[in-house]
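Biologist: Could you put the model up on the screen, and then I will go through it with you topic by topic?

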Amino acid sequence: MTTDWKDVESKYYMFVVRRQPVVIVKGDGTKVWDVDGKEYLDFTSGWAVNNAGHANEAIADAISEQARTLLQTSNQFYTVPQLQLAEILVENSALDKVFFCNSGAEANEGAMKLARRYGARNKNGAFEIVTALNSFHGRTMANVSATGQPHYQELFQPIPPGYKHVSFGDFEELKGSVSEDTVAVMLEPVQAEGGVNIPPEGYLENVREFCDQEGLLLIFDEVQTGMGRLGTLFGYESFGVEPDIMTLAKGLGGGVPIGAFMAKDEACAFEPGDHGSTFGGNALTCAAGYASTKYIIDNDLSQNSAEMGERMGEALNTIMANNSSVAEIRGMGLLWAVLFNSDIGPDVVANCNNEGLLTNPLRPNAVRLMPPLTVSAEEIDQAMERLETAIKAVG
Ligand SMILES: *Cc1c(COP(=O)(O)O)cnc(C)c1O
């Protein structure tokens, strides 16, 4: 029973996450089931992770086969799954080299370390990184500094120095924040945790051009926007702006913990020994990552993400027109936020649960929707009906 497991959790698990009262035991595609047998449409997909759907056969086969063959060797040796994943990512992106790690935060740590080595070697020791307010880059100490949300920073003083924060979308402010100490600008192409904030027209192009003029590295944190989420394999493609360094995680492994940072050859400033990882690029996670990435590409899930995202956007527009509690909708591909006129987000999420739809309580006044990229038109329609019922039930 859900209630029994809630009791076990409150007794044994550190209380740092407010969970929804759903004990998920099984998934298949867009659907999941709880311990009481109730079925849901999962519009959270493990926090934008299960891009190829829950219990995807190709990924499951790759994991079980790899588990029976070889799990871990360390990076002292070559392994085939790691190099297959490296090849498919490089061949399908604008970046030239990759390094694997275990999470989004670690990917950003690696990217920022790479930028500092680049600054040391090419820019007179420049080290500072400009990031955006309302960004989210992860939970490690350096990422707390990088993340432009004072709330997280105040909790963990003193935090590592070397960061400046500017308003997302304000190009003039970004230009003004750069000094001779600056080595890089790091942005999410679309701010995800920060509220699904789409950059103003031309902003990323301007930032790219400015970085070129000033010899700055442009880092895109594509931990959430990558792997088809925005309707293109990588988010940068949606804006026609290539980064020098790009980080990935979330959707990269289809559900196993893996992250990566990728760079253009000119930005590859590491020398052997500068960086490393025990588990990063492990045979198991890379086999899963390769199967998931290949599945996304072979089945053109980016295209499905674009089409289903458009369908969802239209449905959300109608919901907004018919419900005065909805103030705004924002999104691209299969990453959407619904913003309300008051703090009814948690009530909407709870009502969605009752209706059989899992959503993410993004803010007190906002709910985020991010289904697997395998989602069907019928599932989108069903989910939108359930969402509207849930919104109406709040009153
Ligand atoms: C989730 C997220 C991270 C952190 O990833 P973890 O795997 O939780 O460390 C970093 N950047 C962005 C944009 C994210 O959405």
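Biologist: Which element gives the most to the lining of the second largest pocket?

Modeller: Strand β4 does, with four residues, where helices (H or I, at least four residues) and strands (E, at least two) are DSSP runs numbered from the N terminus. Before going on, please note that this is a predicted model in which local features need pLDDT of at least 70 and side-chain atom pairs count only at pLDDT 80 or more, while totals for chains, interfaces and linings use all residues. Residues are numbered from 1 along each chain as its sequence is written, and side-chain values use heavy atoms, with hydrogens and water left out.

Biologist: How much space lies in that second largest pocket, and which residues are the closest to its centre?

Modeller: The second largest pocket holds about 490 Å³ of space, and of its 21 lining residues, Lys 97, Val 98, Phe 99, Phe 261 and Phe 270 are the closest to the centre. On a 1 Å grid over the protein atoms alone, a pocket is an open set with protein on both sides within 12 Å along at least five of seven lines, a cavity is a set of points where a 1.4 Å probe fits but cannot get out, and lining residues have an atom within 4 Å of a point. Grid points are joined across faces, edges and corners, and a volume is the space filled by probe spheres set on the points.

Biologist: Which elements give two or more residues there, and how does the lining divide by class?

Modeller: Those elements are α4, β4 (97-101) and β10 (259-263), and the lining divides into 13 nonpolar, five polar and three charged residues. Here Ala, Val, Leu, Ile, Met, Phe, Trp, Tyr, Cys and Pro count as nonpolar, Asp, Glu, Lys and Arg as charged, and the others, Gly among them, as polar.

Biologist: What about cavities, how many of 30 Å³ or more turn up?

Modeller: A search of the whole structure finds one, and the largest cavity contains about 60 Å³ of space. Of the 13 residues lining this cavity, Thr 73, Ser 74, Asn 75, Gly 281 and Asn 282 are the closest to its centre, and the lining has three nonpolar, 10 polar and no charged residues.

Biologist: Where does Ser 74 sit?

Modeller: Ser 74 is in the loop between α3 (57-67) and α4, and its phi is near 75 degrees, a positive value in a residue other than glycine. Asn 134, also not a glycine, has a positive phi of about 70 degrees and is found in the loop between β5 (128-132) and α6 (141-146).

Biologist: And what kind of peptide bond joins Gln 157 and Pro 158?

Modeller: That bond is cis, with omega about -5 degrees, and Pro 158 belongs to the loop between α7 (150-155) and β6 (163-166). As background, most residues other than glycine have a negative phi, and most peptide bonds are trans.

Biologist: Changing topic, how is the chain divided into domains?

Modeller: The division is into domain 1 (5-49 + 301-394) and domain 2 (57-298), with bounds that come from an automatic or database domain assignment. Their C-alpha centres lie 26 Å apart, and 24 residues of domain 1 are in contact (heavy atoms within 4.5 Å) with 24 residues of domain 2.

Biologist: Last one, what does Gly 331 touch?

Modeller: Not counting residues up to four places away in sequence, Gly 331 touches Val 196, Ile 198 and Trp 336. Gly 331 lies in strand β11 (residues 326-332), and its C-alpha atom is separated by 6.3 Å from that of Val 196, which is 135 residues apart from Gly 331 along the chain.
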